[in-house]
Amino acid sequence: MKIVKTFKIAVVAAVCVLVFAREAEGGFVYMRLPEFTSAGGGEWINSAPLKKADLAGGVTLVYFWAFDCWNSYRSFPWLHALEERFSGKDFRVVGIHTPEFEHEKSRRNLERKVKEFGVTHPVMMDNSFSYWKRMKNRYWPAFYLVDREGVVVYRMIGETHPGQEKAERFEEVADALVNR
């Protein structure tokens, strides 16, 4: 009896590990993109405040990051390459900066880092975690692909580099959305 109980516990633990690993990897998601939570001009960098309607008809990559999160800033080479790849196509990138630390809430500090990392796309400051919560996000960085109808269709989580298998999967989905 003890062996059966131990086996059952091991099976449950293995299933939990597999489910968590699958969630942490990312994959297909189907939810409407929520409205942006920051409408004030002081909460946007590189852009006037955006509304969800501003993105209608195009493919959008919305991603969450924090400037002192090394997983976030080490993903910028991949992100910049993706922006270059889709340059001239109906593809936009919107960064959601959700701070991990108190000093990351400073607009001045964020502006400095945006410049340092070569970020030219719109960045919304999400100091209250309101958009993070609307998106049910839990990770830095997290990348969400939004189709032309405003539906979030794919999510990728974690530090990403050109040539990685998960980056290539993400790029395939982006290609399909942009070129359909």
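Two colleagues talk through a predicted model.

Colleague: How many helices and strands does the chain have?
Modeller: Six helices and seven strands. Keep in mind that the model is predicted.

Colleague: What pattern do they follow along the sequence?
Modeller: The chain reads α-β-β-β-α-α-β-α-β-α-β-β-α.

Colleague: Now the inside. How many residues are in the largest nonpolar core?
Modeller: That core has 31 residues. L61, W65, F91, L145 and F170 have the most contacts inside it.

Colleague: Which elements give two or more residues to this core?
Modeller: On the strand side, β3 (59-65), β4 (91-97), β5 (123-125), β6 (142-146) and β7 (151-157) do. The helices are α3 (76-85), α4 (107-116) and α6 (165-178).

Colleague: And which one gives the most?
Modeller: α6, with six residues.

Colleague: Back to F170. What does it touch, leaving out residues up to four places away in sequence?
Modeller: F170 touches L61, W78, L82, F143, L145, Y154 and M156. Two of these, L61 and L145, are also listed with F170 among the residues with the most contacts inside the core.

Colleague: What share of the chain is buried?
Modeller: Buried residues make up 45% of the 180 residues.

Colleague: Switching to contacts. Of those between residues at least 6 apart in sequence, what share join residues at least 24 apart?
Modeller: 76%.

Colleague: Last one, the surface. What does the accessible area come to?
Modeller: About 9600 Å² for the chain. Carbon and sulfur atoms account for 58% of that surface.

Key: Residues are numbered from 1 along each chain as its sequence is written. This is a predicted model: local features need pLDDT of at least 70, side-chain atom pairs count only at pLDDT 80 or more; totals for chains, interfaces and linings use all residues. Side-chain values use heavy atoms; hydrogens and water are left out. A nonpolar core is a set of buried Ala, Val, Leu, Ile, Met, Phe, Trp, Tyr and Cys residues joined through side-chain atoms within 4.5 Å. Buried means under 20% relative accessible area, exposed over 50%, partly exposed in between (1.4 Å probe, protein chains only). Helices (H or I, at least four residues) and strands (E, at least two) are DSSP runs, numbered from the N terminus. Contact means heavy atoms within 4.5 Å. Accessible areas come from the Shrake-Rupley method with a 1.4 Å probe; for residues, only the protein chains shown count as cover.
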